[in-house]
Amino acid sequence: MTGTYQTLTVDLPETESEAAQDLLHEAGAMGLEVRDREGPTMPGVRAPAVGECILVAYFEDAQTAEAARAELAEAFPSARMQLAEEQQQDWSNAWKAHIKSVQVGRLWVGPPWEAQNAPADKVRLVIEPKMAFGTGDHPTTSLCLGAVDDYMATHPGASVLDVGTGTGVLAIAAKKLGAGRVVGTDNDPVSVELAKENAQDNGTPDVELSGKELTAVEGTFDLVVANILANTLIELAPLIVPKVKDKLLMAGVLAHQKAEVEAAYVNLGLVPEPGAQQGEWVRLDFHRAK
Ligand SMILES: C[S@@+](CC[C@H](N)C(=O)[O-])C[C@H]1O[C@@H](n2cnc3c(N)ncnc32)[C@H](O)[C@@H]1O
């Protein structure tokens with residue numbers, strides 16, 4: 001415990017908000033506050049300029065915050081940023097307030113301090129927010145959770161591969177909803193460790209979680225799900241497609257990137273289906289032609 005935490009305040013055009021939020025999550029933000037012109041601003045809190053929004057990201061240490069600042073500066077040259085150190089005693093309330101539980105289909109996904117409020121008739125997944133992406137409340141995650149729930153409802157015992165598993169949320173959800181073999185991979189070793197902890201804590205220790213390359217993962221899977229960014233999904237298409245036995249779900253794609261990602265997978269023989277959209281984020285669904 002350092003006694004302090006870091007805030008990175010970012011002013012940037014509203015059109016870049018979603019992508020910048022995603023980058024901040026990936027860069028290790030423990031919580032994120034979004035101030036746009038849709039919601040009322042609290043008294044004494046600075047409001048965004050017209051056409052802009054303000055993102056306030058919370059980080060545990062200065063090194064991670066500085067690395068995030070540098071990454072954001074490169075990706076979004078027009079962003080204006082300010083790093084500040086805050087006293088730790090505000091920390092728990094400051095970031096916990098921004099982690100929300102979600103209910104998607106048969107699932108409830110949320111942090112431990114909200115678990116007691118989970119409805120008894122829901123399948124409960126408790127994810128402690130740490131240094132991995134996937135607490136459930138990001139649109140890209142909930143778009144996938146909904147489709148995983150739908151697929152598992154009609155394909156009990158199906159095998160599932162989750163590429164870019166983060167906290168393991170989608171893999172664990174699939175297992176809890178009745179999947180057979182479930183494999184999750186991530187190229188970030190910290191995420192793999194946290195996903196393993198989450199699988200243990202949620203009573204699904206048999207989910208196979210690792211940092212394996214897809215070429216080293218054996219077998220094909222009824223359902224493959226990948227919530228990663230558009231450029232990575234395009235890069236990984238030749239490795240993901242051979243793993244798909246029946247259905248592929250992908251998220252992490254902004255509406256304007258959809259056609260490019262879709263083309264990469266159609267070119268490799270998958271058949272697109274109507275997907276879903278939440279805000280600027282889309283989910284792309286495919287199946288393998290019989
Ligand atoms: C947006 S998060 C998704 C986490 C979780 N599946 C969810 O839906 O909330 C993307 C994850 O993909 C991982 N990732 C990024 N590039 C990857 C790659 N080339 N191979 C495997 N994992 C990757 C990141 O480390 C991160 O944990």
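User: Is Thr140 buried or exposed?

Analyst: This is a predicted model, in which local features need pLDDT of at least 70 and side-chain atom pairs count only at pLDDT 80 or more, whereas totals for chains, interfaces and linings use all residues. Residues are numbered from 1 along each chain as its sequence is written, and side-chain values use heavy atoms, with hydrogens and water left out. Buried means under 20% relative accessible area, exposed over 50%, and partly exposed in between (1.4 Å probe, protein chains only). Thr140 has 1% relative accessibility, so Thr140 counts as buried.

User: Happy to start there! Which residue makes a side-chain polar contact of 2.7 Å with Thr140?

Analyst: Thr140 is found in helix α4 (residues 139-154); helices (H or I, at least four residues) and strands (E, at least two) are DSSP runs numbered from the N terminus. A polar contact is a pair of N or O atoms within 3.5 Å; within protein, one must be able to donate a hydrogen and the other to accept it, and residues adjacent in sequence count only if both atoms are side-chain atoms. A contact of 3.0 Å joins the side chains of Thr140 and Asn227. At 2.7 Å, the side-chain partner of Thr140 is His138.

User: Which backbone nitrogen does the side chain of Asn227 reach?

Analyst: Asn227 lies in strand β11 (residues 221-227). With 14% relative accessibility, Asn227 counts as buried. At 3.3 Å, its side chain reaches the backbone nitrogen of Gly252.

User: Now the ligand: how many charged residues are in the shell around it?

Analyst: The ligand is surrounded by 17 residues, and the closest are Gly134, Thr141, Gly164, Asp186 and Asn227; a residue is near if one of its heavy atoms lies within 4 Å. Ala, Val, Leu, Ile, Met, Phe, Trp, Tyr, Cys and Pro count as nonpolar, Asp, Glu, Lys and Arg as charged, and the others, Gly among them, as polar. By class, the shell holds 5 nonpolar residues, 9 polar ones and a charged set of 3.

User: What percentage of the ligand's exposed area does the protein bury?

Analyst: Polar side-chain atoms lie 2.6 Å (Asp186) and 2.8 Å (Asn227) from an oxygen atom of the ligand, and a backbone N or O atom of Asn187 lies 3.3 Å from a ligand nitrogen. Accessible areas come from the Shrake-Rupley method with a 1.4 Å probe; for residues, only the protein chains shown count as cover. Taken alone the ligand exposes 600 Å², and the share of this that the protein buries is 88%.

User: What is the angle between the planes of Tyr265 and Phe286?

Analyst: Tyr265 and Phe286 form a tilted aromatic pair with 5.8 Å from centre to centre, and the angle between the planes is 35°. Tyr265 sits in helix α8 (residues 258-266) and Phe286 in strand β14 (residues 281-288), 21 residues apart. Tyr265 is buried at 0% relative accessibility and Phe286 at 1%.

User: Which residue takes a positive phi in the hairpin of β13 and β14?

Analyst: Strand β13 (residues 270-278) and β14 pair in the antiparallel sense over 7 bridges, where pairing needs at least two DSSP bridges. Leu270 has Arg288 in β14 as its bridge partner. The hairpin has 2 residues between the strands, and the residue with a positive phi near 60° is Gly279.

User: And which residue in β7 stands opposite Trp108?

Analyst: From β6, Leu107 and Val109 point one way and Trp108 and Gly110 the other, and all are buried. β6 pairs with β5 (residues 102-104) in the antiparallel sense over 3 bridges, and with β7 in the parallel sense over 4 bridges. In β7, the residue opposite Trp108 is Arg124.

Terms used:
Rings of Phe, Tyr and Trp (its six-membered ring) pair if their centres lie within 6.5 Å; planes under 30 degrees apart count as stacked, over 60 as edge-to-face and the rest as tilted.
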